[in-house]
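Have the viewer open while you read.

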Amino acid sequence: MDAVPLGTVTVTATGPGTYTSPKVTLPDAGFVTWVWEVQKSSQPEWVRPFIASDWRDEYGINVETHSVRWPLTITPEVREYNVHKGGRAFDRITVSGFPENHPGFEGDGYWQPDVKEFTHTVYGPFASDAELTEDMALDDAPVLTRITTPAKNGVYDIGYGEDDRIQPTEPGYYVVVTLFDGDDRVQPFTSSPADIWERFFVPGPEQPLSVVTQAQASAFVGDPFEDTALVQGAAIPEGAYLVFRAYGPQPSGEDPICEVPFFTSKQIAVTEAGHYRSGTTSTDEAGSVYWVETLYGKDGKVLAEGRCGAPGETTVVSVRPPGTPETPTPEQPELPELPPELALTGGTAWGAWVGGVAAVLLLAAGATLWFGRKLALHRDRMENEGEEVTIEELMNQ
């Protein structure tokens with residue numbers, strides 16, 4: 001057997017009953033199975049005469065196996081923000097976190113086959129960007145089109161072909177939402193309708209000037225992080241510029257205080273509607289960092305300003321746990337050439353816990369935890385409706 005042992009725990013039984021093993025921390029996602037054994041040599045001296053020989057449970061028993069599902073990381077970005085009515089929008093979606101052989105697993109009668117595709121749904125038009133919130137009801141939202149891509153790591157450019165056109169016909173706001181249903185090996189994923197990197201706008205006669213921002217949600221101490229502003233408006237004043245300021249870090253849970261920034265960006269010229277980055281900063285302390293963006297006219301007059309502690313404008317900085325790996329990012333290929341028939345305008349572009357093994361034992365016993373993907377042929381499906389199931393829950397069924 002070529003499975004890799006992850007650790008060993010011991011349970012001492014003093015009589016008939018149900019016993020729970022100590023918890024074990026797993027270094028990564030994947031299939032995990034428990035193997036129990038009783039060794040005659042490890043028993044008290046007075047017990048050994050009553051034991052014929054050592055005993056070990058079989059490898060890969062259904063109820064002793066658990067799938068710790070892989071978490072996905074998806075970084076999307078529309079190529080332009082403003083799109084003329086009848087024009088085309090384009091999106092780049094960077095995907096990481098899948099097992100390298102996904103979606104190649106075809107199932108074995110116990111674990112279900114890998115889900116083969118993502119779905120990218122373009123919702124819109126919406127009269128106001130205020131409708132594009134985290135909790136927006138997608139079931140009732142208007143749909144422009146749906147596009148699928150393979151459920152595997154890589155960089156996907158959509159909107160360039162005849163079969164994946166993103167071509168809005170009405171003025172308003174649009175957003176691309178990416179959905180992966182999840183399978184027996186990978187966690188489900190739905191991108192946020194509030195993601196400003198996935199919006200585009202078809203201008204009507206007038207659009208008021210506004211700024212919507214979205215800070216990087218989390219970072220580790222010492223690592224770079226940044227803020228992003230989406231400037232919107234039918235007419236951007238000549239000479240306008242943005243300045244980003246970061247305050248903190250301060251203990252999470254306290255009322256935000258934005259008095260003296262530890263980071264102030266350069267003056268970033270704003271020439272058209274689109275996304276603008278603050279530039280990166282970092283901090284050697286953990287806590288909450290609060291961003292405030294300010295849009296100025298060429299005379300220094302404030303045209304729009306964010307609020308300290310506004311939703312989406314906080315970066316939570318934490319200490320990197322020992323051994324935490326960095327998530328690899330696929331190489332970014334050159335952008336495809338735009339289709340020639342349309343002129344376009346636009347802006348700038350785990351650890352997991354496994355525990356709770358129940359066993360009825362009369363003697364002191366040890367349990368060995370093994371990891372390996374070849375165990376798939378031994379499993380019977382025990383998960384419910386896509387929810388994670390612990391070893392304890394499996395054993396209690």
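Predicted model: local features only at pLDDT ≥ 70, side-chain atom pairs only at ≥ 80, totals over all residues.

Residues are numbered from 1 along each chain as its sequence is written, and side-chain values use heavy atoms, with hydrogens and water left out.

Start with the nonpolar cores, meaning sets of buried Ala, Val, Leu, Ile, Met, Phe, Trp, Tyr and Cys residues joined through side-chain atoms within 4.5 Å. Buried here is under 20% relative accessible area, exposed is over 50%, and partly exposed is in between (1.4 Å probe, protein chains only). The largest core has 33 residues, and those with the most contacts inside it include Leu72, Phe98, Phe180 and Phe200. Among the elements giving it two or more residues are strands S1 (4–11), S4 (30–38), S9 (117–126) and S12 (172–180); strands are DSSP runs (E, at least two residues), numbered from the N terminus. Apart from this core lies another, of 20 residues, including Val211, Ile236, Val289 and Val317.

Leaving aside neighbours within four places in sequence, Phe200 is in contact (heavy atoms within 4.5 Å) with residues including Tyr81, Val122, Ile166 and Tyr174.

Now for a sheet. Three strands make an open one in the order S15-S17-S21, with antiparallel pairing; two strands pair if DSSP finds at least two bridges between them. S15 (210–215) and S21 (274–277) are the edge strands, each pairing on one side only. S15 and S17 (227–232) are joined by six bridges, and Ala215 stands opposite Asp227 in S17.

Finally, the aromatics. Rings of Phe, Tyr and Trp (its six-membered ring) pair if their centres lie within 6.5 Å; planes under 30 degrees apart count as stacked, over 60 as edge-to-face and the rest as tilted. That rule gives twelve pairs. Phe98 and Phe180 are edge-to-face, at 5.4 Å centre to centre and 90° between the planes. Phe98 sits in the loop between S8 and S9 and Phe180 in S12, 82 residues apart. Phe98 counts as buried because its relative accessibility is 3%, and Phe180 does so at 0%. Tyr241 and Tyr296 have ring centres 5.1 Å apart and planes at 20°, so that pair is stacked. Tyr241 belongs to S18 (241–250) and Tyr296 to S22 (287–296), 55 residues apart.

Notes. Helix = DSSP H or I, 4+ residues; strand = E, 2+ residues; numbered from the N terminus.
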